[in-house]
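The exercises below go through one structure in steps. Try each task before reading its solution.

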Amino acid sequence: MKGFRLVLLAGMVAAAGCSAQQRGGVRAGDRPAQRDKVADAHFARIPPALLGGVEDVREEIRELRDDRIRAEHELSVSEQASQVATARVEASQARENVAKEALELATKTGERERIEQAQSTLELRTAERELSEANREVARRREGRSKAELDAAKGRVAAAEARLEQAKYDALVASDDAAADFYEPASFRKRIEQAQHQVQRRELDLQKAEKTLQQSISRARDLEEKLERLPVRGEDDSFEE
């Protein structure tokens with residue numbers, strides 16, 4: 001009888017071992033480092049037939065990362081444009097200073113025609129300086145918009161990555177792997193909610209940046225029209241969108 005009980009116990013242990021293998025062969029070392037990120041060792045055990053949702057999110061992430069790369073390029077371009085716009089402001093200020101000095105000299109001569117010409121030139125140079133400053137503001141606002149766009153693009157990638165971990169966890173559960181018990185479903189949902197909140201905040205920042213950019217563009221166009229109405233135009237410093 002004692003021998004029978006030993007044999008029965010051994011059979012129960014073996015059966016339990018087989019059950020564990022069917023559910024993924026969980027061992028103490030299988031415990032994941034994070035509760036909201038599926039471990040590579042666990043993910044590798046999921047049958048390919050259950051990975052359709054995972055692949056869909058992965059494709060979305062690839063597209064979003066491409067958008068992020070484009071946003072990084074646009075930011076680089078806008079930063080260079082800001083530097084060029086600043087250089088143009090400095091040049092226009094120098095031309096305005098020359099015109100001021102010329103007016104002072106003309107005033108000393110007392111020659112009316114020469115004074116009027118110098119005044120006309122100074123008016124032109126001042127209008128050019130104002131326009132160049134407005135264009136610099138446009139460049140800076142565009143740079144700010146580009147930074148906001150990049151932040152938003154990064155947020156979209158992070159949100160998609162959070163959804164990817166949820167998809168991995170769902171596939172792990174569907175595979176009936178006991179390792180799924182190590183994870184906390186609420187942790188995946190919380191990560192997604194936090195990422196989505198960040199995306200919403202950054203999208204609002206992007207909208208504000210776009211609004212201020214359009215306002216600066218409108219002002220630059222007004223100053224360009226003012227410059228065009230002057231009798232004589234000097235070096236072209238017109239606004240370029």
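**Exercise 1.** Decide how H4 and H5 are oriented to each other, parallel or antiparallel.

Solution. Step one is to locate the helices: H4 covers residues 112-174 and H5 covers residues 185-228. Helices here are DSSP runs of H or I with at least four residues, numbered from the N terminus. Step two is the geometry: the two axes come within 7 Å and cross at roughly 165°. Axes are lines fitted to C-alpha atoms, for helices over the stretch in contact, and angles between N-to-C directions run from 0 to 180 degrees. Step three is the class: angles over 145 degrees count as roughly antiparallel, under 35 as roughly parallel, 65 to 115 as roughly perpendicular and the rest as oblique. H4 and H5 are therefore roughly antiparallel to each other.

The model is predicted; local features need pLDDT of at least 70, side-chain atom pairs count only at pLDDT 80 or more, and totals for chains, interfaces and linings use all residues. Residues are numbered from 1 along each chain as its sequence is written, and side-chain values use heavy atoms, with hydrogens and water left out.

**Exercise 2.** State the handedness of the crossing of H4 and H5, and sort the residues of their contact by class.

Solution. The crossing of H4 and H5 is left-handed, a term for a near helix turned anticlockwise from the far one by less than a right angle. The residues of this contact are 23 nonpolar, 7 polar and 22 charged. In this count Ala, Val, Leu, Ile, Met, Phe, Trp, Tyr, Cys and Pro are nonpolar, Asp, Glu, Lys and Arg are charged, and the others, Gly among them, are polar.

**Exercise 3.** Repeat the analysis for H3 and H4: at what angle do their axes cross?

Solution. The axes of H3 and H4 cross at roughly 165° and come within 6 Å. H3 and H4 are therefore roughly antiparallel to each other. H3 passes H4 in a left-handed crossing. The contact of H3 with H4 has 24 nonpolar, 14 polar and 27 charged residues.

**Exercise 4.** Find how many salt bridges the whole structure holds, then describe the one between Glu-184 and Arg-35.

Solution. Side chains of opposite charge can pair when their charged atoms come close. A salt bridge is counted when a side-chain nitrogen of Lys or Arg is within 4 Å of a carboxyl oxygen of Asp or Glu. A search of the whole structure finds 21 salt bridges. In one of them the side chains of Glu-184 and Arg-35 meet, at 3.0 Å from N to O. This pair links distant parts of the chain, 149 residues apart: Glu-184 is in the loop between H4 and H5, and Arg-35 is in the loop between helix H1 (2-22) and helix H2 (40-43). Glu-184 has a relative accessible area of 38% and is partly exposed. Arg-35, at 33%, is also partly exposed. On this scale, buried means under 20% relative accessible area, exposed over 50%, and partly exposed in between, with a 1.4 Å probe and protein chains only.

**Exercise 5.** Examine the salt bridges of Arg-141 with Glu-137 and of Lys-147 with Glu-143.

Solution. Arg-141 and Glu-137 meet at 2.8 Å, N to O. Both lie in helix H4, 4 residues apart, about one turn of the helix. Arg-141 is partly exposed at 36%, and Glu-137 is partly exposed at 29%. For Lys-147 and Glu-143, the closest N and O atoms are 3.7 Å apart. These two residues also lie in H4, 4 residues apart. Lys-147 is partly exposed at 41%, whereas Glu-143 counts as buried at 15%.

**Exercise 6.** Describe the largest nonpolar core: how many residues does it have?

Solution. The largest nonpolar core has 20 residues. Such a core is a set of buried Ala, Val, Leu, Ile, Met, Phe, Trp, Tyr and Cys residues joined through side-chain atoms within 4.5 Å. Among the residues with the most contacts inside it are Val-38, Phe-43 and Tyr-169. Helix H3 (52-109) and H4 are the elements that give two or more residues to this core. H4 supplies the largest share, 7 residues.
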